[in-house]
Amino acid sequence: MILLVAGLLMSAPSAAATPAPSFADVSRRAASAREANRLPEAIRLYRQGVRLRPRWDEGWWYLATLLYDGDRYGDAREAFRRFLGLKPDAGPAWALRGLCDFRVGDYAGALEHIEKGMQLGMTGNPDILKVARYHEALLLVRAGQFELATHPLTLLARGEAESAGLVDAIGLMMLRMPLFPADVPEAKRDLVRRAGRAGYLHLARKGEEAAKAFSDLVAAFPTEPWVHYAYGVSLLSSDTAKGLAELRRETEIQPDAVYPHLEIAFELLRQADNEGAKAAGERAVALAPGLFAAHNALGRALVELGEVERGTTELETAARAGLHAGRSRRRRGAGARHLHRAGPQAPRATRRAGRRGAGRQGAAALRRWAAVAVALPSAAIIVGARAAPEARPAKPVFVDVTASAGLHGGISKVASRDWNLVETMGGGGGFVDYDQDGRLDIYLVSYSLEPQADGRVPRDALYRNNGDGTFTDVTARAGLGGPMRGMGLAVGDYDNDGDLDLFVCHYLDIDPDTPLPCQMIGDRPFCSIDKLRGAKSALYRNDGGRFTEVGAAAGIAIDGGKGLGVVAADLDADGRIDLFQANDTAPNFLFKNRGDGTFAETGLTADVAFDAAGRARGAMGVDVDDYDQDGRLDLVVTNFTHQGYSLFRNLGGGAFRDMARETGLVEPSLPLSGFGVRFLDEDDDGWPDLVVANGHSRTRARPSAWPPRIGHRRWRGRWRDAASPWATSTTTATWMCCSSVWASRRGCCATTVATATTGSACTSKARAATATAWGPWYA
């Protein structure tokens, strides 16, 4: 019997083991199935692929997106989680994960993840950006964060056609109803829809249609809360008296609602009706004692009425409340980008949320100077109608505290020859919390190498903030102070180690014994900058408060540059700080951060080095912002006379395109020579405007008669020259080539530092009586 069984076993055909599929075969078949739209097969194969190779990021991405497209949001959320464990800087993946959270009812997680995706950027993904922005607004409305919801809704209204979902979201925001559109009670649907349509038309800047829609809304719902308020806010820019009447009608309907009183207070401040503003501000404070905008309005009214002590107390209260609100905003990450930026004329203190030192710098400025809180939210429900208004004092007053602050070692002698511009330019400077103690320190960039009367040669200097209004020179202790002709300063954590590093661009390498290529044309000196040799720039790595110059090792100390301006920003949305240097008569530099402590110069391939004809321009000022609101950071560069400004739109993938001519920026800038430029939303319409400080090099050093200019961005994508409250001729006794300002668009200029062609660095602070003045300030 045993032999029989053995024989049967021997005679049975052997079952060959099926070989396990290889990863290469599975990945190939998965891609083929996906491209052929065989989604169930593709999902199965991608699942098999990530089991074979768990760190296959491409596999997790395609698996997650296929599951999302198949409405399998729970599974997609887990796949996105696994992908983000491998690629944590992928903004679109964070946004899609947030959309999955939304679908499964995890609204807190949805808001957190969508906003993280928005923070990291949506390069090359405009459709995801649009959907994420809409859901961000829905979540903010449901959470009762109506003021924060206005920004994404404004951008959507200006970029998208009218739709039921968008109209409903705007209606809920205007009526301050913390609901999703699907949860609106049937009895309120007509109200929400009509309010939303009026708001949409207003945000889309369809003025006549919006006015009629609002008028019909008020007539149909005369006693409904927030209807008169929304209508009143929409009228303030065109019919102030009627707008105030509508706001007062809202206070009759809702006596205990703070925002109508607050909006009235701000409007009366604008009209210099300080007694009325005081009464409205006191009512707002009584209704909402924790709301910093209420203390802001009251404090400013009191200051204008001469009640300085009480007014200062209210402004200090506003500052403390604003710090809490600002930290809450940073925790949510609303609209924040990984960005440090500074320019040739005015290196700006960090605005990068979520990085060490950024929040503390803003907090320190507010604590020290009792400024109005940063990022003051609008009392208005409709962004674009008018954000929280402020009174603009005619003559802001500053007090020079340079000597008492301990800033010394200025320059009294700048040139030994003929006072040509190349000898007399002032350097840059900026605020930076280099030691992370929560206080803003000052770094000054020296341009002059002219020996002073005491035998000292000017050098860069670092002043540590002592916390009592004074500073201590710690230049040598920090390992700084090299003698170079520096111009611009940018601050950023380029190596992502948690502390702030310094990038200083240098201009010219002038031999004091060699004649300058300058000549007199009439009574004006002209220097051929293209005949002068440029100087290599420097990168100072911060190692716990002491700096090491690593420019050569990092690849940024290269020949061929004549740096006048610099910005530090994450231009390719990879989570690392890149550097852009504006060069005078030389190709601009774009240093891409490789992530290993080194940079690659990509100006030529990124199409930012030359003009359209392949010529280097006299680039001077530079700043960075998302001017077209597509989720990518763009660059503006101001150039020499007759060259026109440059507006480099970020196309993603490391490429840019100069849009200055298409957007109407070239023609008005041709007669100008722009030394400094800043993006800011000067008119509160949700779009960045441009402020440019102009000068001219074909004059002997003297106060510049070229006023600053503001360019407003039109909603159809073009710029127009706009009258500026700052556009007056300079009357100071020194020519300020560079200045640095720590200021808030919605607060006071807490302090300003400027470097001049002669004299010491000037530090000034605003007096209490003008603590509510608008920024930016020009030294």
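At what angle do helix α8 (residues 126–142) and helix α9 (residues 146–159) pack, and how far apart are their axes? Select both: the angle is about 155°, and the axes lie 8 Å apart. (Axes are lines fitted to C-alpha atoms over the stretch in contact, with angles from 0 to 180 degrees between N-to-C directions; helices are DSSP runs of H or I, at least four residues, numbered from the N terminus.) That makes α8 roughly antiparallel to α9, a label for angles over 145 degrees.

Before moving on: this is a predicted model, where local features need pLDDT of at least 70, side-chain atom pairs count only at pLDDT 80 or more, and totals for chains, interfaces and linings use all residues. Residues are numbered from 1 along each chain as its sequence is written, and side-chain values use heavy atoms, leaving out hydrogens and water.

Contact (heavy atoms within 4.5 Å) involves K130, R133 and Y134 of α8, among others, and F146, L148 and L153 of α9, among others.

Stay on L153. Beyond its neighbours within four places in sequence, L153 is in contact with A137, L166, A169, I170, M173 and L203. Along with I170 and L262, L153 touches the most other members of the largest nonpolar core, which has 107 residues. (Such a core is a set of buried Ala, Val, Leu, Ile, Met, Phe, Trp, Tyr and Cys residues joined through side-chain atoms within 4.5 Å; buried means under 20% relative accessible area, with a 1.4 Å probe and protein chains only.) Next, pick Y494, F503, L508 and F599, which belong to a second, separate core of 25 residues.

Last stop: C100 is buried at a relative accessible area of 0%, and C505 is buried at 0% too.

Note on methods:
Buried means under 20% relative accessible area, exposed over 50%, partly exposed in between (1.4 Å probe, protein chains only). Helices (H or I, at least four residues) and strands (E, at least two) are DSSP runs, numbered from the N terminus. Angles under 35 degrees count as roughly parallel, over 145 as roughly antiparallel, 65 to 115 as roughly perpendicular and the rest as oblique.
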